[in-house]
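Please open the model in your viewer and keep the selection panel at hand.

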Amino acid sequence: MIQLISLQLKSLLPALAILVLMSGQAVSEGPAPEPYNVANTTTLSRSTNGIEIVPTNFEQRLVHIAMSDDERELLIDAGAVLRLWRIPTGLSQIEWPVSAGVSLSRADAVVLAGVETADLVPTWGAEVDWPGLGPVTLIVFRMGPERFGGLLSSTPSGVKRLRQMVFQRASSHGRQRPRSRPAEPCSAC
């Protein structure tokens, strides 16, 4: 069976979890979780015909993201708290199918993160229970100061689907509406 995301995480994540448990490190009483809007930007599905692009409605959902002071853990509150651990090799060992103009590539992620190589892209991952989907593999990587990218593979739950996501920091004050002004008579009319 060909997977939608090629990962070496199955062997890497238990080691990371043990390391975190042994070190006693957890997300500290640091800054409060920040609100982010998350949207699926691409959904890919594997069938006998190959990889197909599934229409995505770009519907957004609000989640909260917090990071430990040492950036080894990332917490996402998406209705349930999802804990991800830092992947020391960044995106260098993570591959996903890319179609021109349809989804974000690993090379794009490197440029957006402002680093030289895929192994330097700050990346976190884990197998988690995403609300409404069940067990999934979730990879989150930094795409700049206000954004994260994400790959959510539902293959662990038996559905061969990959969702590419973007987490964009939500404004704390919301979108400001322009103030209305009273109509002024036209002096030249």
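Begin by selecting strand 5 (residues 81-86) together with strand 6: the two run antiparallel and are joined by two bridges. Within this pair, Trp85 stands opposite Gly125 in strand 6. The model on display is a predicted one.

Next, keep strand 6 (residues 123-130) selected and colour it by accessibility. Six of its eight residues are buried, and the strand is thus mostly covered.

Ala126 has Leu138 in strand 7 as its bridge partner. Then centre the view on the hairpin of these two strands, where three residues lie between them; there Gly132 adopts a positive phi near 90°.

Finally, display the largest pocket, whose volume is about 320 Å³. Its lining comprises 18 residues, of which Ala39, Asn40, Glu59, Trp130 and Arg163 are the closest to the centre. Which strands each supply at least two residues of this lining? They are strand 1 (34-47), strand 3 (60-67) and strand 9 (161-169). Strand 1 provides the largest share, with four residues. Colouring the lining of the largest pocket by residue class gives nine nonpolar, five polar and four charged residues.

How values were computed. Residues are numbered from 1 along each chain as its sequence is written. This is a predicted model: local features need pLDDT of at least 70, side-chain atom pairs count only at pLDDT 80 or more; totals for chains, interfaces and linings use all residues. Side-chain values use heavy atoms; hydrogens and water are left out. On a 1 Å grid over the protein atoms alone, a cavity is a set of points where a 1.4 Å probe fits but cannot get out, and a pocket is an open set with protein on both sides within 12 Å along at least five of seven lines; lining residues have an atom within 4 Å of a point. Grid points are joined across faces, edges and corners, and a volume is the space filled by probe spheres set on the points. Ala, Val, Leu, Ile, Met, Phe, Trp, Tyr, Cys and Pro count as nonpolar, Asp, Glu, Lys and Arg as charged, and the others, Gly among them, as polar. Buried means under 20% relative accessible area, exposed over 50%, partly exposed in between (1.4 Å probe, protein chains only). Two strands pair if DSSP finds at least two bridges between them.
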